[in-house]
Amino acid sequence: MNNIAGRLEKETQFYEKMKILIISDTHHDIYRAETVIRQLKKAGPLDILVHCGDYYDDAVKLGNMFGIETVAVRGNCDRSFTRDEFAILETEAGDFFVTHGNMYNVGYSNEDVYDTALQYNCTGAIFGHTHRAENVDVDGFLLLNPGSLT
């Protein structure tokens, strides 16, 4: 079990478990996301879809298609993107700062996104942009990048 799943398992052992799918950078190619969602739903309901941008419309389409609560942010390829484009995902394991990541220079360092998430009293940050998966635990603070399905 990876450290994120282990931590969430440990912290939510006394709570009802949530099934959260985190994706990013679908770039209007949602076929793989659809396939993943169908497979996950075979094992039971999917509670939340988190989409970290590029493209916001993909998140809306997938959420509507599968009837899943969706938390989504815009990325640098979406129109009207600003640094203020973020969401806070509230879970029983803690709150997570959700952003695309490019405005926080995640291609070079996770320091900006980490510092900003801490300002919002979050226990983790979820971001995309780099198309590279990351799973980093910094003294119990989780930095998650799902990479790209495309």
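The model is predicted, so local features need pLDDT of at least 70 and side-chain atom pairs count only at pLDDT 80 or more, while totals for chains, interfaces and linings use all residues. Residues are numbered from 1 along each chain as its sequence is written, and side-chain values use heavy atoms, with hydrogens and water left out. The protein has four helices and eight strands; these are DSSP runs numbered from the N terminus, helices being H or I with at least four residues and strands E with at least two.

**Overall fold**
- Along the sequence, the elements follow the pattern α-β-α-β-α-β-β-β-α-β-β-β.
- Of the 150 residues, 44% count as buried (buried means under 20% relative accessible area, exposed over 50%, partly exposed in between, with a 1.4 Å probe and protein chains only).
- Among contacts with a separation of 6 or more, 56% come from residues 24 or more positions apart (contact means heavy atoms within 4.5 Å).

**Helices α2 and α3**
- The axes of α2 (residues 31-42) and α3 (residues 56-66) come within 11 Å and cross at roughly 35° (axes are lines fitted to C-alpha atoms, for helices over the stretch in contact, and angles run from 0 to 180 degrees between N-to-C directions).
- On the α2 side, the contact is made by Ala-33, Glu-34, Ile-37, Arg-38 and Lys-41, and on the α3 side by Leu-62, Met-65 and Phe-66.

**Aromatic rings**
- The whole structure contains five aromatic pairs (rings of Phe, Tyr and Trp, the last by its six-membered ring, pair if their centres lie within 6.5 Å; planes under 30 degrees apart count as stacked, over 60 as edge-to-face and the rest as tilted).
- One of the pairs joins Tyr-114 and Phe-141 edge-to-face, with 4.7 Å centre to centre and 80° between the planes.
- This pair links distant parts of the chain, since Tyr-114 lies in helix α4 (residues 111-119) and Phe-141 in strand β8 (residues 141-146), 27 residues apart.
- Tyr-114 is partly exposed at 23% relative accessible area, whereas Phe-141 is buried at 4%.
- One aromatic cluster is formed by Phe-86, Phe-97, Tyr-104 and Tyr-120.
- The charged end of Arg-74 sits over the ring of Tyr-56, 4.2 Å from its centre (this requires NZ of Lys or CZ of Arg within 6 Å of the ring centre and within 35 degrees of the ring normal).

**Two histidines**
- His-100 lies in the loop between β5 (94-99) and α4, and is buried at 0% relative accessibility.
- His-100 and His-129 are 29 residues apart in sequence and 5.8 Å apart in space, C-alpha to C-alpha.
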